[in-house]
Structures are given as C-alpha cells and as structure tokens.
Amino acid sequence: MHQSSGARVLTESRARGVKPRRIARKVFDGAGLYLLVTPKGGRCWRYAYRFSRKHKTLSLGIYPDVPLDRARSRHEFARNLLAHGIDPAGLKAALGKHIFLATMREWEKAKGRMLALSFCSHEGNRTK
C-alpha cells in the first residue's frame, strides 16, 4: 500500500494499540514519519529521509513520552530543515541531542504563537 506524502494514517489510539511481533516493524504515518515497534514492545518515532542522495533516519522521541501530535510537529521541524538544505541528523550530531531538542521545542513554541496570532486575527476579522 502506497500513501501519498500528505496522507496521515496513524491515530493516537492506533499508535497505542500496535502489538509487538517477532521482528521490529514500522507503522507509517506519512511523509517518512513512522513508529518503530520492537519485539519487546518499545516504540520510537523515526523520520526516514534522503539527504545528499543517502538514506538517513532521525529519531524523534519515544512513544508515549512523545505523543503523535508532538511527533508530527518534530517531523515538520525536520522537514523544514531539509527544505532549507540542512541535514536534521547532521545538525543533531553537531549541536548535541539536548541542544537539538531545545531548538525543536523553541520552534514548536514559536509555531504555536504564530498559530495563536493567526487565530486571533481571524477572530478579529469575523467580529467586524
């Protein structure tokens, strides 16, 4: 089954309910984001992408500590880096895991503020 890059197939309940099997498996959400489920039941968000004609993988966090919506936000952050010619895994290696995660969180906060401002401006336009 082939999914288009914009299609989202995972839900929070499906991510929670995926049963481990004898071998590790990938449960895809779309555009390279997937939940890796290990035989022992561990779950980790990963992003598979290509950079400089090489296949690469970026770990985005452990489920359920990182829920689906946050994994999607981190995935969007990594895709944004790629769009600007920056390798997310290379940046993570250069900055270190903790600084990279802090940068990702700041981006999420800024994005949230932008959405809130956008929502407020739409609300203001509706009342006029």
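Trainee: Is Arg72 buried, partly exposed or exposed?

Mentor: This is a predicted model, in which local features need pLDDT of at least 70 and side-chain atom pairs count only at pLDDT 80 or more, while totals for chains, interfaces and linings use all residues. Residues are numbered from 1 along each chain as its sequence is written, and side-chain values use heavy atoms, with hydrogens and water left out. Buried means under 20% relative accessible area, exposed over 50%, and partly exposed in between (1.4 Å probe, protein chains only). Arg72 has 23% relative accessibility, so this residue counts as partly exposed.

Trainee: With which residue does the side chain of Arg72 meet in a salt bridge?

Mentor: A salt bridge is a side-chain nitrogen of Lys or Arg within 4 Å of a carboxyl oxygen of Asp or Glu. The N to O distance here is 2.8 Å, and the partner of Arg72 is Asp29.

Trainee: Which helices are tied together by the salt bridge of Lys111 and Glu76?

Mentor: The side chains of Lys111 and Glu76 meet at 2.9 Å, N to O. Lys111 is partly exposed at 25% relative accessibility, and Glu76 is partly exposed at 37%. The two residues are 35 apart in sequence, so the pair ties together helix H4 (residues 97–127) and helix H2.

Trainee: What separates Glu106 and Lys109 in helix H4?

Mentor: Their side chains meet in a salt bridge of 3.6 Å, N to O. Glu106 is partly exposed at 45% relative accessibility, and Lys109 is partly exposed at 47%. Because they are three residues apart in helix H4, the separation is about one helical turn.

Trainee: What distance does H2 reach from its first C-alpha to its last?

Mentor: H2 has 16 residues. The expected span of a helix is 1.5 Å times one less than its number of residues. The expected value for H2 is 22 Å, and the model comes close to this, with a reach of 22 Å.

Trainee: Is the pair of Trp45 and Tyr63 stacked or edge-to-face?

Mentor: Rings of Phe, Tyr and Trp (its six-membered ring) pair if their centres lie within 6.5 Å; planes under 30 degrees apart count as stacked, over 60 as edge-to-face and the rest as tilted. Trp45 is buried at a relative accessible area of 0%, and Tyr63 is buried at 7%. Their ring centres are 5.9 Å apart and their planes lie at 85 degrees, so the pair is edge-to-face.

Trainee: Which residues do ring pairs link into a cluster?

Mentor: The structure holds five aromatic pairs. The cluster consists of Phe77, Phe100 and Trp107.

Trainee: What is the average pLDDT of the protein chain?

Mentor: pLDDT is the predictor's confidence in each residue, from 0 to 100. In this model, 86% of the residues score at least 70, and the chain average is 87.

Notes. Helices (H or I, at least four residues) and strands (E, at least two) are DSSP runs, numbered from the N terminus.
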